[in-house]
Amino acid sequence: MRLNNKVALITGGSQGIGRAIAVRFASEGAMVAISGRGIEALNETAAFITAQGGQVLVIEGDVQYKEQVEQMVDRVISQWGRIDILVNNAGVNHPAAFLEITVEDWDWHMNINLKGTFLVSQRVSLEMVKQKQGGSIIQMSSVNGLAAEADQAHYNATKGGINLLAMSMALELAPYDIRVNALCPGFIETRLTKPLIDNPPAIANYLKTIPMKRVGQPEDIAAAALFMASDDSSYMTGHCMVVDGGQLIKLA
Ligand SMILES: NC(=O)c1ccc[n+]([C@@H]2O[C@H](COP(=O)([O-])OP(=O)(O)OC[C@H]3O[C@@H](n4cnc5c(N)ncnc54)[C@H](O)[C@@H]3O)[C@@H](O)[C@H]2O)c1
C-alpha cells in the first residue's frame with residue numbers, strides 16, 4: 001500500500017473527483033478526512049469507504065470561511081494527531097459570458113476556488129511545518145488554468161491563480177520538505193460536467209477536441225493524485241500536471 005498510515009484531508013471529498021481520490025487513498029492505507037458541503041453526500045461516501053475497510057472522518061465545512069477552515073483542520077488533528085497529505089479539491093464553476101459576469105458571480109468563484117484554496121493551504125502548511133515530517137499538498141487546478149475557455153473567464157482566472165499559488169508555496173515550503181503541486185484535469189465526468197454529457201449532439205461535438213476521444217473518469221484523476229501524494233513523486237514540486245486525454249496539445 002502506497003499511503004500506509006498517512007493522514008489525508010480532501011476538501012470537496014463527498015462526490016466527483018474528490019470522492020474518487022478519497023476512495024483511492026483509503027484503499028492505499030491512508031486515513032482520509034473528507035470535507036465539503038452537504039452532509040448526506042459526505043455520509044454516503046464515508047459509508048462506502050468504511051464498507052471497503054477504510055478509515056474515514058466526515059467534516060462538514062465551507063472553505064470560504066477562515067473559522068470553518070480552522071475547525072476543519074483542528075478536527076483532523078484531534079482525531080489523528082497530524083496531516084501528511086492535503087488535496088484542495090473543493091471548487092465550483094458556473095459558466096457565463098465575460099460581458100455578463102456579475103461582481104457576485106466573480107466573488108463566488110474567487111472565494112471558493114482561490115481564497116478557499118489559500119485558507120486551507122496556509123492552515124495545513126502551518127501544521128506540517130510544526131510536525132517537521134514534510135508533506136504533500138495537491139491543488140486541484142484544471143486545463144482552464146493553462147489555457148482559456150470561452151464563458152469561463154472567472155473560473156479560468158481562479159485556476160490560473162491556483163497554479164501560481166502552488167508554485168509560490170512550493171518555493172517557500174521546500175525547506176520544510178513540503179511538496180506542492182497542481183493537478184490539471186481536462187473534461188471529467190462529474191456533476192459539474194453532467195449537463196454537457198447528457199446532451200448527445202453537444203458531447204459528440206466536444207469529444208472532437210479530445211485526441212483520446214473519451215471523457216475522463218474521476219478515477220483517472222485519483223490515480224494521478226495518488227502519484228503526487230506518494231513518495232513516488234518525492235522529487236517533484238511546483239509542477240502543474242495535466243491529465244486530459246491530450247486535449248491541450250491539440251491546436252485545431
Ligand atoms: N469535472 C471536471 O471536468 C473538472 C475538470 C477540471 C478541474 N475540475 C476541478 O475538480 C474539482 C472537483 O470538481 P468535480 O467535477 O468533482 O465537482 P463536483 O461538483 O462533483 O464536486 C465539488 C465538491 O466540492 C465541494 N464544494 C463546493 N463548494 C464548496 C465550498 N464552498 N466549501 C467546501 N466544499 C465545497 C462539494 O461539496 C463537492 O464535494 C473542482 O475544483 C473543479 O474545478 C473538474
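**Exercise 1. With the side chain of which residue does the side chain of Asn88 make a polar contact at 2.8 Å? Then place Asn88 in the fold.**

Solution. This is a predicted model.

Step 1. Look for the partner. The side chain of Gln139 makes a polar contact of 2.8 Å with the side chain of Asn88.

Step 2. Look for a further side-chain partner. Ser121 joins Asn88 through a polar contact of 3.0 Å between their side chains.

Step 3. Locate the residue. Asn88 belongs to strand 4, residues 85-88.

Step 4. Decide on burial. The cut-off for buried is under 20% relative accessible area. Asn88 has 4% relative accessibility, so Asn88 counts as buried.

Step 5. List contacts beyond four places in sequence. They include Thr11, Gly116, Val120, Ile137 and Met140.

Step 6. Ile10 and Asn88 are 78 residues apart along the chain, yet their C-alpha atoms are separated by 6.3 Å.

**Exercise 2. Is Ser125 buried or exposed? Find what its side chain reaches.**

Solution. 

Step 1. Ser125 is in helix 4, residues 103-131.

Step 2. Ser125 has 7% relative accessibility and therefore counts as buried.

Step 3. Its side chain reaches the backbone oxygen of Ser121 at 2.6 Å. The side chain of Ser121 also has the polar contact with Asn88.

Step 4. Leave out residues up to four places away in sequence. Ser125 then touches Ile137, Met169, Leu173 and Ile178.

**Exercise 3. How many residues does the largest nonpolar core have? Name the elements that build it.**

Solution. 

Step 1. The count is 32 residues. Leu9, Val76, Val124 and Val180 have the most contacts inside this core.

Step 2. At least two residues each come from strands 1, 2, 3 and 6 and from helices 3, 4 and 5.

Step 3. Follow Val180. Its contacts beyond four places in sequence include Ile137, Ala166, Met169 and Leu173.

Step 4. Nonpolar side chains tend to be buried together in soluble globular proteins.

**Exercise 4. How many residues surround the ligand? Describe the shell and its polar pairs.**

Solution. 

Step 1. The shell has 29 residues, and the closest are Ser14, Asn89, Tyr155, Ile188 and Thr190.

Step 2. Sort them: 11 are nonpolar, 14 polar and 4 charged.

Step 3. Helix 1 (16-27) and helix 5 supply at least two residues each.

Step 4. Take ligand nitrogen. The side chain of Asp62 has an N or O atom 2.8 Å from a ligand nitrogen. For Arg37, the corresponding distance is 3.1 Å.

Step 5. A polar side-chain atom of Lys159 is 3.0 Å from an oxygen atom of the ligand.

Step 6. Finish with cover. On its own the ligand has 830 Å² of accessible area, and the protein covers 97% of that.

Methods. Residues are numbered from 1 along each chain as its sequence is written. This is a predicted model: local features need pLDDT of at least 70, side-chain atom pairs count only at pLDDT 80 or more; totals for chains, interfaces and linings use all residues. Side-chain values use heavy atoms; hydrogens and water are left out. Helices (H or I, at least four residues) and strands (E, at least two) are DSSP runs, numbered from the N terminus. Buried means under 20% relative accessible area, exposed over 50%, partly exposed in between (1.4 Å probe, protein chains only). Contact means heavy atoms within 4.5 Å. A polar contact is a pair of N or O atoms within 3.5 Å; within protein, one must be able to donate a hydrogen and the other to accept it, and residues adjacent in sequence count only if both atoms are side-chain atoms. A nonpolar core is a set of buried Ala, Val, Leu, Ile, Met, Phe, Trp, Tyr and Cys residues joined through side-chain atoms within 4.5 Å. A residue is near a molecule or strand if one of its heavy atoms lies within 4 Å of it. Accessible areas come from the Shrake-Rupley method with a 1.4 Å probe; for residues, only the protein chains shown count as cover. Ala, Val, Leu, Ile, Met, Phe, Trp, Tyr, Cys and Pro count as nonpolar, Asp, Glu, Lys and Arg as charged, and the others, Gly among them, as polar.
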